[in-house]
Amino acid sequence: MAGTRRPLSPHIQIYRWQAQMVSSVLHRATGIALAVGTLVVICGLLALASGEDRFDAFRRLVGSPLGTLLMLGWTWSLFYHLCNGIRHLVQDGGAGYRISQFVRSSWMSVIGSIVLTIVVWAYVFTAGGAA
Amino acid sequence: MNGKQAVVSDRRNPLKVAQGLGSSHSGVHHWWVQRLTAAALVGLGIWFVVLVLSLLGADFADARAAVARPWNALLMVAFLVAMFWHAALGLQVIIEDYVHTRWREVLALAAMYFLAFLGAFAAVLAVLRIALTP
């Protein structure tokens with residue numbers, strides 16, 4: 001806000017929360033989370049390139065309680081950004097702009113991402129732990 | 001007369017209209033690449049999740065051999081390039097939206113792009129080392 005004296009439009013705090021708002025805010029938030037999560041991808045690949053000791057250390061970190069929690073968060077972030085990203089691509093094609101469709105597709109992104117996260121982590125735990 | 005009126009009411013230099021680059025001076029390039037990388041990441045992202053899940057119980061040698069397989073190495077590099085590119089484009093919009101002091105904005109954009117390139121190069125180099133060294 002510094003450096004400008006122009007009037008600003010009302011910000012989010014004056015609006016009643018709606019599904020479309022939540023889906024939009026979550027898209028940005030999960031995008032930032034995923035950008036931070038690229039560090040895990042870099043570390044994993046560097047560890048795999050460096051040797052067995054480094055890779056085992058990486059797996060212990062990812063498999064620790066805190067690591068598992070973070071991976072759970074990143075899994076949901078990825079699936080939410082994926083579902084809502086597909087929704088945005090469909091909208092970029094010009095479809096789904098009626099308010100009812102907008103609200104419904106917002107909920108589909110949220111619910112779809114939760115379902116996909118549960119499916120993946122059910123597989124992870126039945127396959128015997130995060131690492 | 002008619003032609004002249006049309007130009008005046010448009011208030012834009014005809015060259016600007018012909019180039020079609022708009023106020024951003026880069027046209028729809030940013031928007032289009034963000035969509036292109038998004039479309040690529042739909043497929044590559046799902047592939048990445050499936051690869052990671054297939055390596056849950058694998059030891060070091062198995063994991064390394066899996067990433068070293070030609071198709072997997074190729075798709076991994078494609079995934080990394082699309083991911084870092086898409087992330088940088090998205091973070092750029094967020095910085096432009098929320099950082100309102102010009103020098104802070106430029107500094108944040110430069111730092112973010114340096115980090116994105118560094119991350120992308122490090123990850124791609126790691127895949128090349130895995131794929132090319134026995």
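## Basis of the model

This is a predicted model, in which local features need pLDDT of at least 70 and side-chain atom pairs count only at pLDDT 80 or more, while totals for chains, interfaces and linings use all residues. Residues are numbered from 1 along each chain as its sequence is written, chains are lettered from A and ligands numbered from 1 in the order in which they are written, and side-chain values use heavy atoms, with hydrogens and water left out.

## Chain A as a whole

Chain A has four helices and zero strands, where helices (H or I, at least four residues) and strands (E, at least two) are DSSP runs numbered from the N terminus. Read from the N terminus on, the elements of chain A follow the order α-α-α-α. The radius of gyration of chain A is 19 Å, well over the 14 Å that the globule rule gives for 131 residues, so chain A is more spread out than a compact globule. The radius is taken over C-alpha atoms, and the globule rule is 2.2 Å times the number of residues to the power 0.38.

Along the principal axes, the C-alpha atoms of chain A fill a box of roughly 55 × 40 × 25 Å. Of the 131 residues in chain A, 34% are buried; buried means under 20% relative accessible area, exposed means over 50%, and partly exposed lies in between (1.4 Å probe, protein chains only). Among the contacts in chain A with a separation of 6 or more, 71% come from residues 24 or more positions apart, a contact being heavy atoms within 4.5 Å.

## Two crossing helices in chain B

In chain B, the axes of helix H4 (residues 60-68) and helix H6 (residues 102-132) come within 8 Å and cross at roughly 100°. These axes are lines fitted to C-alpha atoms, for helices over the stretch in contact, and angles run from 0 to 180 degrees between N-to-C directions. H4(B) and H6(B) are therefore roughly perpendicular to each other, since angles under 35 degrees count as roughly parallel, over 145 as roughly antiparallel, 65 to 115 as roughly perpendicular and the rest as oblique.

On the H4(B) side the contact is made by B:Arg64, B:Val67 and B:Ala68, and on the H6(B) side by B:Arg129, B:Ile130 and B:Ala131. The residues of this contact divide into four nonpolar, no polar and two charged; Ala, Val, Leu, Ile, Met, Phe, Trp, Tyr, Cys and Pro count as nonpolar, Asp, Glu, Lys and Arg as charged, and the others, Gly among them, as polar.

## B:Thr133, after H6

B:Thr133 lies in the segment after H6 of chain B and is partly exposed, with a relative accessible area of 38%. Not counting residues up to four places away in sequence, B:Thr133 touches B:Arg64 and B:Leu128.

The side chains of B:Thr133 and B:Arg64 are joined by a polar contact of 3.0 Å. Such a contact is a pair of N or O atoms within 3.5 Å; within protein, one must be able to donate a hydrogen and the other to accept it, and residues adjacent in sequence count only if both atoms are side-chain atoms. A polar atom of the B:Thr133 side chain also lies 2.3 Å from the backbone oxygen of B:Arg129.

## Two buried residues

B:Thr37, found in helix H3 (residues 29-54) of chain B, is buried, with a relative accessible area of 7%. Its side chain forms a polar contact of 3.0 Å with the side chain of B:His86.

B:Glu105 lies in helix H6 of chain B and, at 12% relative accessibility, counts as buried.
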